[in-house]
Amino acid sequence: MQQIPKEMFQPASVDLSEAEKISKPSLSFWKDVSIRFRKNKLAMFGLVLLFILVFMAIFGPMMTPHDYRTNDLMNTNKPPSAEHWFGTDDLGRDIFARTWYGARISLFIGVAAALIDLFIGVLWGGIAAFRGGRTDEVMMRIADILWGVPYLLLVILLMVVLEQGLGTMILAMTITGWINMARIVRGQVLQLKNQEYVLAAQTLGASTSRIMFRHLIPNTMGPILVTMTLTIPSAIFTEAFLSYLGLGVPQPLASWGTMASDGVSALQYYPWRLFFPATMICLTIFAFNVVGDGLRDALDPRLRK
Amino acid sequence: MLRYIGRRLLYMLLSLFLIITATFFLMRAAPGGPFSGEKKLPPEIEKNLNEFYGLDRPWYEQYFDYLTSIAQWDFGPSFKYKGQTVNDLINSGFPVSFFLGMEALLIAVGMGVLLGIIAALNHNKWQDYAAMIFAVLGISVPSFIMASLLQYVLAIKLGVFPVARWESFMHTILPAIALATGPTAFIARLTRSSMLEVLSNDYIRTAKAKGLSRMQITVRHAIRNALLPVVSYLGPLSAGVITGSFVIEKIFGIPGLGSHFVLSISNRDYTVIMGVTVFYSIILLAAILLVDIAYGLIDPRIKLAGGKKGE
């Protein structure tokens with residue numbers, strides 16, 4: 001044992017005023033979330049990727065003199081070159097223009113499906129949870145029954161019977177797609193609605209819709225955002241799947257799904273026809289997935305370090 | 001438990017009723033009559049055909065007939081191929097699809113769980129990153145692209161597997177792998193995150209303190225609880241395998257129900273589309289119900305009680 005001389009001990013001073021001092025600046029919830037999100041390198045990478053993809057979807061078709069629908073039968077199946085950056089397809093259409101034009105359609109389908117799911121889901125789930133009792137019971141039973149209907153089979157069925165097009169596709173995807181959102185919102189609102197601040201708002205005479213949209217929905221924003229970022233890639237996936245079954249958007253419109261399923265048949269001889277749309281699909285889905293995961297981690301207070 | 005199953009059966013029947021009704025009325029709303037083809041049929045023949053299939057009767061009689069015939073496991077005729085019924089297609093195609101689906105399911109669960117556990121046990125080491133990169137790639141690539149690439153590289157370029165068709169066990173491997181890729185990736189992620197959660201529990205620390213080996217802790221204590229989310233994913237997984245098989249069977253030229261279905265879509269053979277949809281719905285709903293019941297039996301913490309609130 002080492003000898004410790006008495007002089008080395010000093011009384012620790014307790015300053016009571018120090019104890020109450022807040023050492024860290026206080027952060028709002030969303031600030032905290034954004035700090036944690038920005039620390040997640042993979043998620044930030046996904047976000048940057050998404051910005052680039054959206055930028056190219058908007059400005060890409062303007063960067064090339066070719067448009068997405070003009071056939072050029074003298075220049076079919078040309079590999080990528082200075083003239084056609086991504087090559088041309090079997091009708092001589094410029095793949096660079098088609099890829100970014102297709103980006104608009106694929107992203108639009110994803111975003112529109114997610115927004116419609118959001119709208120119906122928030123209303124349905126919010127009302128069911130807030131009203132409670134019989135209303136809740138009936139509304140959620142309806143959702144349960146619809147939930148049992150196999151999603152892709154119903155989508156295929158609708159696409160076969162109704163006229164093919166963008167609108168039909170979005171309708172088919174959202175007809176049962178909103179239920180997931182409704183369930184999440186309902187769960188969140190059920191947790192929140194018995195909290196004191198809701199009671200306080202009621203006491204102050206706030207109307208139901210005000211409580212709903214000013215107090216409850218903003219507090220459920222986290223899980224809603226995560227669900228939305230994960231709905232978009234699944235809609236893009238579904239679009240690609242339907243295109244492969246021949247139920248995609250009609251020609252000459254281009255979407256990544258129709259381009260990729262065209263490209264699959266030409267894989268052996270003209271691989272670039274598959275490569276570009278397929279890469280874009282994968283990058284987009286990858287980006288949305290990592291952003292969604294990053295958001296979920298950033299929103300989860302248990303993971304705070 | 002019995003009350004729970006009864007309740008679930010009731011919902012299942014309601015969902016089924018909904019999809020049967022939807023298919024019936026959508027079929028009637030479909031553009032063009034069932035016999036409109038390139039050639040216009042003489043009116044007498046069309047009248048006879050309508051009579052033969054009962055299409056001249058009022059819609060509610062047809063609807064009722066449709067319901068009763070499905071209750072008797074009769075999914076109707078094909079209007080495009082004379083003399084062929086949907087039941088014929090199911091009998092010839094479903095065993096093939098079932099075999100392919102089961103093989104894919106085994107691969108997905110086996111590989112996915114293994115990858116997930118390896119990743120969780122080596123949290124934040126290279127094995128973890130490798131498994132998760134694979135998982136993210138696996139869920140980012142649409143199945144038809146993955147299948148075509150596998151077919152191109154492994155069968156056409158390298159010649160390791162047969163390119164297509166359905167003849168020997170070797171023919172089944174590539175399609176099953178292609179079908180299993182997405183689910184494998186998803187299960188790997190699921191297993192990893194639930195395994196990480198389980199490993200941080202107190203009872204694992206107790207097991208460590210007792211001096212149990214790492215192997216024993218993982219196998220006897222951790223995996224059992226970590227696999228519960230995977231079990232509950234088996235329902236959606238079977239849906240994914242069924243719909244995935246449409247694409248895979250088409251690419252590899254497999255004579256299963258999926259490729260019949262895809263063919264009937266491009267032929268606009270409405271009665272076959274409807275019949276197969278209803279058949280798949282029955283299979284799927286039954287699979288999901290079975291999974292839920294199994295889940296209740298495996299996890300004693302879940303009380304499968306009747307319909308009362310607050311349970």
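In the predicted model, A:A260 is in contact, beyond its neighbours within four places in sequence, with A:A240, A:L274, A:P277, A:A278 and A:I281 of its own chain and with B:I145 of chain B. Residue A:A260 also belongs to the largest nonpolar core, which holds 137 residues, and it is listed there together with A:V155, A:I156, A:I281 and B:I187 as touching the most other members. The element that gives the most to this core is α12(A), with 14 residues. Apart from this core lies another, made up of 14 residues, among them A:W178, A:I179, A:M181 and A:V185.

The contact between the two chains takes 30 residues from chain A and 33 residues from chain B. On the side of chain A that touches chain B, two or more residues are given by each of α5 (133-148), α6 (151-161), α10 (221-244), α11 (256-265) and α12 (272-299) of chain A. Among these helices, α6(A) gives the most, with 7 residues. When the residues on this side of chain A are sorted by class, 24 are nonpolar, 5 are polar and 1 is charged.

The UniProt record, in an unreviewed entry, annotates residues 42-63, 105-130, 142-162, 168-185, 224-247 and 274-295 of chain A as "transmembrane region". In the model, residues 42-63 of chain A are 100% helix and 0% strand, and the end C-alpha atoms of this span lie 29 Å apart. Residues 105-130 of chain A are likewise 100% helix and 0% strand, with the end C-alpha atoms 37 Å apart.

A further annotation from UniProt, "domain: ABC transmembrane type-1" (unreviewed entry), is listed for residues 103-292 of chain A, and the feature of that name is placed at residues 94-295 of chain B, again from an unreviewed entry. Over residues 103-292 of chain A, the span is 83% helix and 0% strand, and its end C-alpha atoms lie 20 Å apart. Over residues 94-295 of chain B, the chain is 85% helix and 0% strand, and the end C-alpha atoms are 26 Å apart.

Within chain B, helix α8 (residues 202-209) is hardly covered, since the count of buried residues among its 8 residues is 0. This helix, α8(B), is followed by B:G211, a residue whose phi is positive, near 90 degrees.

Notes: Residues numbered from 1 in each chain as written. Chains lettered and ligands numbered in written order. Predicted model: local features only at pLDDT ≥ 70, side-chain atom pairs only at ≥ 80, totals over all residues. Contact = placed C-beta atoms within 7 Å. Helix = DSSP H or I, 4+ residues; strand = E, 2+ residues; numbered from the N terminus. Nonpolar A, V, L, I, M, F, W, Y, C, P; charged D, E, K, R; others polar. UniProt positions renumbered as here; feature names shortened; annotations may be inferred. Core = buried A, V, L, I, M, F, W, Y, C linked by C-beta atoms within 7 Å. Buried ≥ 20, exposed ≤ 12 C-beta atoms within 10 Å, placed from the backbone.
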